[in-house]
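The structure comes first, followed by the notes.

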Amino acid sequence: MHLAGCLPQGGLLRCVDHVGSRRAVAGNAWFDLLDGDGATMGSYFVNEVTVIDVKPSASGAGLVDLTVTLWCENALPGAERPWELIRTGHLNHTGMWHELAPEDRHAWLSVALWSREYQRQGKPDAPAGQVFTLDGRHVVDRDTFYCAIGEAINGPGGYFGWNLDALDDCLRGGWGATTPFTLHWDFSAEARTRLAERVPVGDRELVLFDLLLEIFEERGVSVILHSL
């Protein structure tokens, strides 16, 4: 990663004179992603930040351009596009994930997760008793289901879980909706045929579609299936 026009502080400052040695390792840090106004859209925890090159910067006197290596488990390949859509204000309508390749859908969900507070801007959960509509036309696997339910609850690029445990957590409140609520699942018959993988649950094994319905029911969500 190239950091242009830096004024290093703290541990990073201590590393600039030790490129090539063990003392060039600054350690762990938080990496913030900023919008055009400098507000934080989201943050990644990064490990083993190491300075590998230092040059005077053309950005101003006393500033340097740094090249660092780092390791980040949560920054997934394919996350650049959704971050840029958020930064530019172009993540403004639902379904922008429809044309993503399968490997990019998980990255889309990761950005939905890490940007959720920025996107919601302090907006409270919808009160109990609300009705949401889930469009099942593009639900072909787990990730597309989570993309669809996230947008059904929280709008474009919204997050409402990206695995079964996270979905269950979201249904406990604090993630955009308050149970009990009603979920109209449109095109559910098509989704049922596609979410057919079998999932072990304790001493049972359930089809994924049926397991999702069970989770919803246990958390007070009334799911109305529509085959449009």
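The model is predicted. Helix H2 spans residues 80-88 and is followed by Gly89, whose phi is positive, near 75 degrees. H2 also gives the most to the lining of the largest pocket.

**Helix H2**
- Pro82, Trp83, Leu85 and Ile86 are buried in H2.
- Viewed down the axis of H2, these buried residues fall within an arc of 160 degrees, so they line one face of the helix.
- An α-helix has 3.6 residues a turn, so residues three or four places apart point the same way.

**Largest pocket**
- The largest pocket holds about 270 Å³ of space.
- Its lining has 16 residues, of which Phe31, Leu33, Tyr44, Glu80 and Trp83 are the closest to the centre.
- E2, E3 and H2 are the elements that give two or more residues to this lining, and the contribution of H2 is four residues.
- By class, the lining residues of the largest pocket are 13 nonpolar, three charged and no polar.

**Ser115**
- Ser115 sits in the loop between H3 and H4.
- Its relative accessible area is 0%, and the cut-off for buried is under 20%, so Ser115 counts as buried.
- Leaving out residues up to four places away in sequence, Ser115 touches Met41, Trp83 and Ile86.
- Trp83 and Ile86 are among the buried residues of H2.

Note on methods: Residues numbered from 1 in each chain as written. Predicted model: local features only at pLDDT ≥ 70, side-chain atom pairs only at ≥ 80, totals over all residues. Heavy atoms only, no water. Buried < 20%, exposed > 50% of the residue type's maximum accessible area, 1.4 Å probe, protein only. Arc of directions from axis to C-beta. 1 Å grid on protein atoms, 1.4 Å probe; cavity = no way out; pocket = protein on both sides within 12 Å on 5 of 7 lines; lining within 4 Å. Points joined across faces, edges and corners; volume = space filled by probe spheres on them. Nonpolar A, V, L, I, M, F, W, Y, C, P; charged D, E, K, R; others polar. Contact = heavy atoms within 4.5 Å.
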